[in-house]
Amino acid sequence: MAKSKNKSIFFCRECGYESSKWQGQCPSCKEWDTFVEEPVIKASGGRTVVRGEAKEPSRLSEVRLEEETRIHTQIGELDRVLGGGIIVGSLVLVGGDPGIGKSTLLLQMCRNLVAKNCKVLYVSGEESVRQIKMRADRLGSFEQELLLLSETDLDIVADTIARLKPDVVIIDSIQTMYREEIGSAPGSVSQVRETTSTLLRLAKGMAISVFIVGHVTKEGVVAGPRVLEHMVDTVLYFEGDGGAAYRFLRSVKNRFGSTNEVGVFEMRGNGLAEVANPSEYMLQGKPENEPGSVVACSMEGTRPILVEVQALICQTNFNMPRRTAAGTDYNRVSLLMAVIEKRLGVRMCDMDAYINVAGGMRINEPALDLGIVTAILSCYRNQSLDSQTICFGEVGLVGEVRAVNMAEQRVLEAARLGFERCILPEVNRRQLELSQEQLNGLRLIGVNNVHELLEVM
Ligand code: TYD
Ligand code: MG
């Protein structure tokens, strides 16, 4: 596309698609009303900081894999979501709501890295070096020097990086960084895209690992540009319930490891502490034998986590019943309520329903279905499920309870925590081959459909 001076250009906020005119619907990602206007960038793209020399292509057979070394952060939960440590020369985006603990986590990581004699540069566009020092003091003593830079001009940052050649760089946050050549405001699509691509060139060209902090907007995407997610190697989201102390670090994209791994942290007065045993943690404070409270099991990557599902069902006072779902998918809850109404003949259409996954964790796994249905029925019938029962399984539209993956891990986790009954899909139950010792007194109850679920409740 030809770019001329003093003109503006339109970007799709969702996918970064460029267009010379405003459009109602993005032709690329088909989202509506996502175009934003920004001034045109000079076509040259400005100053290039590191120039790649002309290179000989490598032969596949000669590429050595050992060269891909990982730096361990000494924070087990962070290493887990990164896929075993920081890959040299990788670009990692850490997204999350403001105040969730991104800066704290990264500063803690810096502390561990400098202790291992890594050269780390922490660039903050949001805080002064004094503020960073104050935060660092809360976290404890730093054994080795950490280099701090309070700067928002990315060209200066890039020059500093090129001069110092650190092993790891933290950019906190990408929305505060700007390049002068680009006319638009910091945080706009073109700024974020351009600054990230500069950092990408630096990371790959000089084998520096770069962590980029990105704030999340109300819609739940990194402000403005989804584009960012395509450019980086790894995308981590830091999330949690504002009120609760738990924080979950989730990997949603990882070129060097599995996605959907979750790291669990607790925010304390002296920084973030790792939670090695999330199930016990999530079930803390669970009420005993109360109607509407059910323990379910969700897989987070390779790790089973038990959570409490709560339901509150009551007669509505509105024309349209109110429904909310915290920590899980709203549409899924509506669908499950329709299944209960149609297949079990329980009148749900004039009931308000509030569903909550306690503890601030977000679960979108179908295996939670049986827990949600059980919690709804338990509250509706005012009949408590005994506290030593856990359930998991997917519920289909005809009320059938379908098999889920990794049933064995889920059952073992329930057994480990000393539960007595496990309600699970009958198909899964038949396939399990577990010894009495492994079951540790856990009784398996298979159900084929929601009718059988009612019977065993
Ligand atoms: P912060 O890392 O600044 O969040 P982000 O960078 O994602 O915006 O975290 C800020 C919050 O964490 C703030 O509300 C204070 C709290 N906090 C603690 O509770 N304990 C601590 O040791 C620190 C450093 C922060
Ligand atoms: Mg911060």
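**Ligand 1 and its shell**

A: Helix H2 (102-115), helix H3 (129-139) and strand E13 (262-268) each give at least two residues to the shell around ligand 1. Helices (H or I, at least four residues) and strands (E, at least two) are DSSP runs, numbered from the N terminus. This is a predicted model, where local features need pLDDT of at least 70, side-chain atom pairs count only at pLDDT 80 or more, and totals for chains, interfaces and linings use all residues. Residues are numbered from 1 along each chain as written, chains are lettered from A and ligands numbered from 1 in written order, and side-chain values use heavy atoms, without hydrogens and water.

Q: Which element gives the most to the shell around ligand 1?
A: H2, with 3 residues.

Q: How many residues surround ligand 1?
A: 15, and Gly-99, Ser-103, Thr-104, Arg-268 and Gly-271 are the closest. A residue counts as near if one of its heavy atoms lies within 4 Å.

Q: What about polar contacts?
A: Those are pairs of N or O atoms within 3.5 Å. The side chain of Thr-104 has an N or O atom 2.6 Å from an oxygen atom of ligand 1. For the side chain of Arg-138, an N or O atom is 3.2 Å from a nitrogen atom of the ligand.

Q: Changing topic: which residues line the largest cavity?
A: Among them are Lys-286, Glu-290, Val-294 and Asp-386. A cavity is a set of points on a 1 Å grid over the protein atoms alone where a 1.4 Å probe fits but cannot get out, and lining residues have an atom within 4 Å of a point.

Key
A polar contact is a pair of N or O atoms within 3.5 Å; within protein, one must be able to donate a hydrogen and the other to accept it, and residues adjacent in sequence count only if both atoms are side-chain atoms. On a 1 Å grid over the protein atoms alone, a cavity is a set of points where a 1.4 Å probe fits but cannot get out, and a pocket is an open set with protein on both sides within 12 Å along at least five of seven lines; lining residues have an atom within 4 Å of a point.
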